[in-house]
Structures are given as C-alpha cells and as structure tokens.
Amino acid sequence: MHTVEQHPYPGRWKLFLIWMNIGLQSFGGGSSTTLLIQRTFIENYHWLTFEEYTYYWNLCQFPPGINLIALTILIGKKLGGITGTISALLGLLLPSALVTCLLAAVFKQVQQLNAVQAIIKGVIPATAGISLVTTLNFARTPFQLASKEGLSSICLNLVLIAFCTLAIIWLQAPAFLMIPCIAVLGIACFTRPLFRRKAESSQHD
Amino acid sequence: MINPIAYFLIFLKGSLFSSGGLSNLPSIHQDLIGRKWAVEAQFGESLAIGQISPGPNGLWVISLGYLSYGFLGAFLALIAITLPPFFVLLVSSAYTRIEHQHWVPGLMRGISLAVIGISITVFWTIISGSGTDWRAWLLCLGAFLIALTKKVSVPLILVLAGIAGYLIYR
C-alpha cells in the first residue's frame with residue numbers, strides 16, 4: 001500500500017489535540033465520529049488513503065469492544081508508533097470521559113428534584129427508541145446479504161437473532177457467552193456451499 | 001461493599017465479550033444487579049447521559065461507573081473499555097493469513113447477528129426498566145420514528161424528549 005504524503009506525520013501533542021477535537025465534537029454516537037475521522041485524516045491531512053481506512057475499519061470488526069477505539073489504535077500506531085497510539089487514545093477518550101463524568105456528577109446532585117426525575121423519565125424511553133434505530137442499522141448489511149440468498153437464509157438469520165435475544169432475556173443466559181456461541185453457529189450455518197454459490201451467482205447478475 | 005477488582009473485572013468481562021459500544025450492557029447488567037452493586041434505574045440514566053455527552057456511545061459505562069461507584073468506578077470503567085480493542089493489533093498481524101479462509105465470512109456473519117440480538121436486549125433492558133407506562137412507549141416510538149428520518153440530530157431528539165418528559169410527568 002502506498003501513501004501520498006502531503007503533510008508530514010504529526011507529533012504526539014498534535015495527535016492528541018486532533019483526537020481530542022474528534023472526541024469532543026462527536027455528539028450522538030459512532031457515525032458522527034467516523035465521519036470526523038474520515039474528514040480529518042483522509043481529506044484534510046492526507047495521512048491515510050481511503051483504501052487504508054477501509055482496510056482498518058474491516059480489521060476493527062474482529063476485536064471485542066468499541067470499534068472506534070480499535071480504529072484509533074490502528075491510526076495512532078500508523079502515524080506515531082506506540083506513543084502515537086497512546087496520545088491518540090488519550091485525546092479521544094480522556095476529555096470526553098471527563099465531560100461524561102461531570103455530567104453524571106451534576107446529575108447525581110440534582111436527581112432528587114421532581115423536575116429532573118420528570119425530564120429523565122422522558123429521556124430514557126427516547127434513548128430506547130434511538131437504540132432501535134442503531135439495531136436496524138446493524139441489521140441492514142446481514143439482511144441485504146440474506147435476501148440475495150433467498151428466504152431460507154432470511155429465516156436462518158431471524159432464528160439466530162431470536163435465539164440470541166431470547167436466551168439472554170428469558171433464560172438469563174450469560175450475555176458474554178452469546179457472541180462466541182452465535183459466531184460458531186454462524187460458521188456452521190453460513191459456510192455451506194449452497195448459500196455461497198447462490199450469493200456468488202446473484203452477484204454476477 | 002464493592003470490591004474494586006471484582007467491579008473492574010465485571011466491566012472488563014462485559015467489554016471482552018461484546019462488539020460495539022452498547023453490547024456490553026446485558027452482561028454488566030446481569031452481574032451488577034446480581035451483586036446489588038447498581039440499581040436498575042442507573043442503567044437507563046447512564047445510557048441517557050452517555051447519549052448526551054460527546055465521544056463514542058460506549059462511554060455510557062463511565063457514567064454508570066460514576067453513579068454506582070464514584071470517580072473510582074468511572075476510572076475503572078474507562079480502563080475496562082480501553083483494553084479489549086487492543087486485540088486489533090493481533091488481528092492486524094494475523095488478518096492476512098485468515099482473511100481468505102472459507103469459514104471467516106460465516107464467523108463474521110455470526111458475530112453481526114449476535115450483535116443485533118444483543119442490541120435488541122439492550123433496547124429491552126432500557127424500556128422494561130422501572131416506571132414504563134403507555135406514555136413512555138409513545139415517547140419511545142416517537143423518538144424511534146424521528147431518529148429514523150435522520151433529519152434531527154440525536155442530542156436534539158433527547159432534548160425534545162426531556163421537555164416532553166417535563167411536561168408529562170412533572
């Protein structure tokens with residue numbers, strides 16, 4: 001992979017400031033953060049090509065936890081080695097975490113007030129509604145793929161999702177076991193030649 | 001009494017076996033509620049604070065840490081969510097070898113389905129918390145529909161919901 005270096009790689013301090021900007025500007029979750037990262041590193045500074053970015057993003061789907069932190073680690077490492085990784089992480093997380101902590105502290109002081117209770121009672125169901133949109137976004141890619149493979153694949157996807165959800169809610173299955181469990185079921189269900197051949201033939205259409 | 005090491009390990013376990021910022025919720029919820037180290041309401045409140053504050057959504061655990069265990073809790077939660085993504089360094093050195101294995105796409109599809117399932121669980125945990133009445137369901141539906149249009153930013157939706165809550169429940 002080759003890069004067009006239009007700007008020299010930043011120092012530790014500059015990396016910290018850049019990531020701090022990204023962290024503090026990203027309201028409303030992951031999608032705004034990824035957009036800011038693309039703008040900053042690809043479009044403004046040309047420190048990354050779009051191909052590299054996409055490759056990194058794919059890698060970030062494997063490790064556990066927050067994908068954005070993994071992406072920060074990879075970009076930080078490319079631009080500044082170990083110290084780059086650390087200053088990128090500190091920049092992304094520390095200021096945002098402090099703000100989050102302060103908000104929680106303020107909330108704890110005022111949470112007994114009736115007005116605050118009422119506001120929170122309105123905000124919490126809205127948070128649930130917003131989380132459903134996130135769920136739909138997660139579901140888009142798997143179901144686009146499944147719809148190319150036919151009805152049986154769609155049903156299989158639904159069954160696996162339902163199994164995961166109900167096992168945790170009804171059977172109180174330990175949630176931390178469900179990802180490895182469904183991942184293995186995924187290998188068993190989707191490595192079948194039947195689905196792959198259909199998917200390939202429909203891609204050639 | 002909260003044991004800081006066990007507390008940290010609960011958050012670390014939740015994040016180690018999760019994908020994305022919210023999917024550690026069911027695991028942490030089971031463990032903290034089981035030990036009575038947090039109360040039900042703190043989960044909904046933390047998620048709301050996490051949505052309002054800047055940074056990745058996954059930072060909601062920091063407010064959970066603060067509400068259930070003070071500044072130490074927030075700090076432990078921050079460390080616990082920062083460590084697991086470091087696996088990406090292992091992945092990046094191994095990826096070229098496993099990338100073309102025929103079982104890898106199946107694995108990825110399984111993981112993404114589990115993430116969908118877990119995020120439905122997250123929804124259920126929030127909405128089935130204390131004091132959910134028909135007006136709460138209506139607020140939930142409204143926020144869902146507005147967020148779906150992508151025309152209104154998430155913090156603004158939450159501000160509107162807060163105003164609605166103030167008018168309804170005051």
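# Chains A and B, face to face

Analyst: Let's start where the chains meet: 80 residues of chain A are in contact with 95 residues of chain B. Keep in mind that this is a predicted model.

User: What makes two residues count as "in contact"?

Analyst: Their C-beta atoms, placed from the backbone, have to lie within 7 Å. On chain A's side, α1, α2, α4, α5, α6 and α7 each supply at least two of the residues that touch chain B. The largest share, 24 residues, comes from α5(A).

User: What classes of residue are on the side of chain A that touches chain B?

Analyst: There are 54 nonpolar, 24 polar and two charged residues there.

User: Moving over to chain B, how many helices and strands does its secondary structure have?

Analyst: Eight helices and zero strands. Read along the sequence, the pattern is simply α-α-α-α-α-α-α-α.

User: Why is α7(B) called roughly antiparallel to α8(B)?

Analyst: Compare the angle with the cut-off. Helix α7 (residues 134-149) and helix α8 (residues 154-169) of chain B pack at about 160 degrees, with their axes 11 Å apart. Angles over 145 degrees count as roughly antiparallel, and therefore α7(B) is roughly antiparallel to α8(B). Their crossing is right-handed.

User: Which residues of α7(B) and α8(B) meet?

Analyst: From α7(B) you have B:R135, B:L139, B:A143, B:I146 and B:A147, and they meet B:V154, B:I157, B:A161, B:A164 and B:I168 in α8(B). By class, that contact has nine nonpolar, no polar and one charged residues. Arg counts as charged, so B:R135 is a charged residue in this contact.

User: How do you know that the span of α1(B) is close to what's expected?

Analyst: Take 1.5 Å times one less than the number of residues. Helix α1 (residues 4-16) of chain B has 13 residues, giving an expected 18 Å, and from first C-alpha to last it reaches 18 Å.

User: Which residues of α1(B) are buried, and what makes a residue "buried"?

Analyst: B:Y7, B:I10, B:F11, B:L12, B:G14 and B:S15 are buried. The test is that 20 or more other C-beta atoms lie within 10 Å of a residue's own, so each of those six passes it. They pack against α7 of chain A, together with α2 (25-34) and α4 (60-82) of chain B.

User: What percentage of chain B counts as buried?

Analyst: Of its 170 residues, 55%. As for its dimensions, the C-alpha trace of chain B spans about 60 × 45 × 25 Å along its principal axes.

Terms used: Residues numbered from 1 in each chain as written. Chains lettered and ligands numbered in written order. Predicted model: local features only at pLDDT ≥ 70, side-chain atom pairs only at ≥ 80, totals over all residues. Axes fitted to C-alpha atoms, helices over the stretch in contact; angles between N-to-C directions. Helix = DSSP H or I, 4+ residues; strand = E, 2+ residues; numbered from the N terminus. Parallel < 35°, antiparallel > 145°, perpendicular 65-115°, else oblique. Left-handed = near helix turned anticlockwise from the far one by under 90°. Buried ≥ 20, exposed ≤ 12 C-beta atoms within 10 Å, placed from the backbone.
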